[in-house]
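The structure is shown first.

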Amino acid sequence: MASLGCSTVVCVICLEKPKYRCPACRVPYCSVACFRKHKEQCNPEARPAEKKIRSALPTKTIKPVENKDDDSIADFLNSDEEEDRVSLQNLKNLGESATLRSLLLNPHLRQLMVNLDQGEDKAKLMRAYMQEPLFVEFADCCLGIVEPSQNEDS
């Protein structure tokens, strides 16, 4: 993964902000021209070694026991739904929220999140979890950080 020594992800060819990922090896690139250059040297087997190097890089934020940050960034970049994306600034705000952190200390909420992440039918699980007051409080907290003006209107 191309990186500038922090959690900033850049194009592997020109070091600009990436918009896409190589379908074979998942490295980021920003344009068709960069993809063509990358494709000449693409090595899908190199991906696991790159992940190990990336996870060894120092970061400034406190992370949970499992390092899911790289996967979250990959999900963010791979998403086709522009309107469903959360800006990188809002993701940072979520990570810095003391209220959200205190909610996530609850083992029941953490288990709900794990079940949701690993579940097959996420829509069904979301409908069920939105009946849980703790999960609703978590969702409201997240929305209050990501969309504060819309949350105040409702």
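## Aromatic pairs

How many aromatic pairs does a search of the whole structure find? The search finds four. The model is a predicted one.

One of the pairs joins Y129 and F135: their ring centres lie 5.6 Å apart and their planes meet at 55°. An angle under 30 degrees would count as stacked and one over 60 as edge-to-face, so this pair is tilted. Both partners are shielded from solvent by the accessibility criterion. Y129 has a relative accessibility of 9% and counts as buried, and F135 is buried as well, with a relative accessible area of 3%. Elsewhere, ring pairs connect Y20, Y29 and F35 into a cluster.

## Overall composition

The chain holds nine helices and two strands.

The chain has 154 residues, of which 25% count as buried. Among contacts with a sequence separation of 6 or more, 34% are between residues 24 or more positions apart.

## Annotated region

An unreviewed UniProt entry carries the annotation "domain: HIT-type" for residues 11-42. In the model, this stretch is 31% helix and 12% strand. The C-alpha atoms at the ends of residues 11-42 are 14 Å apart. The ring cluster of Y20, Y29 and F35 falls within the annotated range of residues 11-42.

## Packing of α6 and α8

Two packed helices are described by the angle between their axes and the distance between the axes. For α6 (residues 107-118) and α8 (residues 133-146), the axes come within 10 Å and cross at roughly 80°. Angles of 65 to 115 degrees count as roughly perpendicular, so α6 is roughly perpendicular to α8.

On the α6 side, the contact is made by H108, L109, L112, M113 and L116. On the α8 side, L134, F135 and F138 take part. By class, the contact residues are seven nonpolar, one polar and no charged.

## S97 between α4 and α5

Where does S97 sit? S97 lies in the loop between α4 (88-96) and α5 (98-103).

Is S97 buried or exposed? Its relative accessible area is 12%, and buried means under 20%, so S97 is buried. Leaving aside residues up to four places away in sequence, S97 touches C141 and I145.

Definitions and conventions:
Residues are numbered from 1 along each chain as its sequence is written. This is a predicted model: local features need pLDDT of at least 70, side-chain atom pairs count only at pLDDT 80 or more; totals for chains, interfaces and linings use all residues. Side-chain values use heavy atoms; hydrogens and water are left out. Axes are lines fitted to C-alpha atoms, for helices over the stretch in contact, and angles run from 0 to 180 degrees between N-to-C directions. Helices (H or I, at least four residues) and strands (E, at least two) are DSSP runs, numbered from the N terminus. Angles under 35 degrees count as roughly parallel, over 145 as roughly antiparallel, 65 to 115 as roughly perpendicular and the rest as oblique. Contact means heavy atoms within 4.5 Å. Ala, Val, Leu, Ile, Met, Phe, Trp, Tyr, Cys and Pro count as nonpolar, Asp, Glu, Lys and Arg as charged, and the others, Gly among them, as polar. UniProt positions are given in the numbering used here, feature names are shortened, and annotations may be inferred rather than shown by experiment. Buried means under 20% relative accessible area, exposed over 50%, partly exposed in between (1.4 Å probe, protein chains only). Rings of Phe, Tyr and Trp (its six-membered ring) pair if their centres lie within 6.5 Å; planes under 30 degrees apart count as stacked, over 60 as edge-to-face and the rest as tilted.
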